[in-house]
Amino acid sequence: MRTTTGWQAVGGELRRAPLERRALRPDDLAIRVDYCGVCHTDLHAIRSADAPLVPGHEFTGVVTETGPEVTGFAIGDPVAVGNIVDSCGACAMCLAGQENFCHEFPTLTYGGTDRHDGSTTLGAYSREYVVRDRFAYPLPRGLDPAGAAPLLCAGITVWEPLRALGAGPGSRVAVAGLGGLGHLAVKFAVALGAETTVISRSADKAADARLLGAHDLIVSTGAEGMAGAREKFDVVIDTISAPHDLGPYLRLVAMDGTLSHLGHLGPVTVNTLDLLVGRKKLSSAGSGGRPATAAMLAFCAAHGITADVEVLPSARVTGALERLDRGDVHHRFVLDLSDLD
Ligand SMILES: [Zn+2]
Ligand SMILES: [Zn+2]
């Protein structure tokens, strides 16, 4: 075992604590975690944890040690890791490069069960992480490591559906919500060449949307704007993190188009007439496979895309979570873990 320091949630509160990491296996990397994004999932996990938990599943850092079978990484390499750290490697999904849909369920970066020793994985609100090499990605030089951290959860979660649904030149994409997921969805859709519109509760976000490259903004609370955008979009990416009525968003989807509902997981109620009229599809997505994650990072490097982040010393994590809960974030908090040394 090796020891490090991190932020551990006990009874809903985060406390600085010593943590144990496994001794390196032959195909493991040890990573000094420099930056870790603060995801909505972390907020839910901290609140509902009944056992001590270390959150954090979108991070960047530097390789500090490699196991004897590691060939793709060397000490000093900048790397990025997302929200899955292992999978069975043998099921149809894994063989198709969709490890995020592994039939045995992928091993989550925190709160998951290690496939070898059965231990519970501890996340990257921590100065060190030990990960199987297959689930670390070289961080392209030129991408700011703080801004790149949120690409590994928020980014890949919107990248896969945008690619799968054909967002690109000639397609019209709408993005509902401008948080961590939404603002990256806008940047990706614009860079992919789609005509891109933001749907927001208020017109206050118009300047913000334009800065992100969006061509238009529709106010979701305005009946006129929503009616005027009826059946306008081939793809609607819904990143709203609270439960909400999907009807108004389905009515924006063009014939044979798709609403991809990503921000809030769980049961939803849909009037099938909202699908029937226009033969519309309702979909969801989350995380990404290894090939798509690597492709997204290459695309980001080519287009100079990172998340818009507010970087905070990790000791201020509780304040960041409170602000995230209030929606007071522009557009993603990233923790700088160097204060744990
Ligand atoms: Zn996340
Ligand atoms: Zn699998």
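Strands β10 and β11 pair in the parallel sense, over 5 bridges. Within this pairing, Arg172 has Glu195 of β11 as its bridge partner. The model is a predicted one. Both strands belong to an open sheet of 6 strands, in the order β12-β11-β10-β13-β14-β15, with parallel pairing. Its edge strands are β12 (216-219) and β15 (281-283), each of which pairs on one side only. From one strand to the next, the twist averages 20°.

Helix α5 packs on this sheet and touches β10, β11 and β13. The direction of α5 makes about 165° with that of β10. The helix spans residues 180-192 and has 13 residues. From its first C-alpha to its last it reaches 19 Å, close to the 18 Å expected at 1.5 Å a residue. Of its 13 residues, 11 are buried, so α5 is largely enclosed by the rest of the structure. The buried residues are Gly180, Leu181, Gly182, His183, Leu184, Ala185, Val186, Lys187, Phe188, Ala189 and Val190. Their cover includes the helices α4 (154-164) and α6 (206-211). It also includes the strands β10 (172-176), β11 (195-200), β13 (233-238) and β17 (332-336). After α5 comes Gly193, with a positive phi near 100°.

Helix α4 is also largely enclosed by the rest of the structure, because 9 of its 11 residues are buried. Among them are Ile156, Val158, Trp159 and Leu162. Gly155, Glu160 and Pro161 are buried as well. Gly166 follows α4, and its phi is positive, near 80°. The loop between α4 and β10 holds Gly170. This glycine is exposed, with 10 other C-beta atoms within 10 Å. Gly170 and Ala194 are 24 residues apart in sequence, yet their C-alpha atoms are 6.3 Å apart in space.

The domain assignment divides the chain in two. Domain 1 comprises 2-153 + 306-340, and domain 2 comprises 155-283. Their centres, taken over C-alpha atoms, are separated by 28 Å. Contacts link 12 residues of domain 1 with 9 residues of domain 2.

A further parallel pairing involves β16 (residues 309-313) and β17, which are joined by 5 bridges. Here Val309 has Arg332 of β17 as its bridge partner. The loop between α11 and β17 contains His331. The peptide bond from His330 to His331 is cis, with omega near -10°.

Positive phi values also occur at residues other than glycine. Phe105 has a phi of about 70°. It is found in the loop between α2 (92-95) and β7 (107-108). Phe105 counts as partly exposed, with 13 C-beta neighbours inside 10 Å. Asp256 has a positive phi of about 65°. This aspartate is found in strand β14 (residues 253-261). Asp256 has 10 C-beta neighbours inside 10 Å and so counts as exposed.

How values were computed:
Residues are numbered from 1 along each chain as its sequence is written. Chains are lettered from A and ligands numbered from 1 in the order in which they are written. This is a predicted model: local features need pLDDT of at least 70, side-chain atom pairs count only at pLDDT 80 or more; totals for chains, interfaces and linings use all residues. Helices (H or I, at least four residues) and strands (E, at least two) are DSSP runs, numbered from the N terminus. The expected span of a helix is 1.5 Å times one less than its number of residues. A residue is buried if 20 or more other C-beta atoms lie within 10 Å of its own, exposed if 12 or fewer, and partly exposed in between; C-beta atoms are placed from the backbone. Two residues are in contact if their C-beta atoms, placed from the backbone, lie within 7 Å. Two strands pair if DSSP finds at least two bridges between them. Axes are lines fitted to C-alpha atoms, for helices over the stretch in contact, and angles run from 0 to 180 degrees between N-to-C directions. Domain bounds come from an automatic or database domain assignment.
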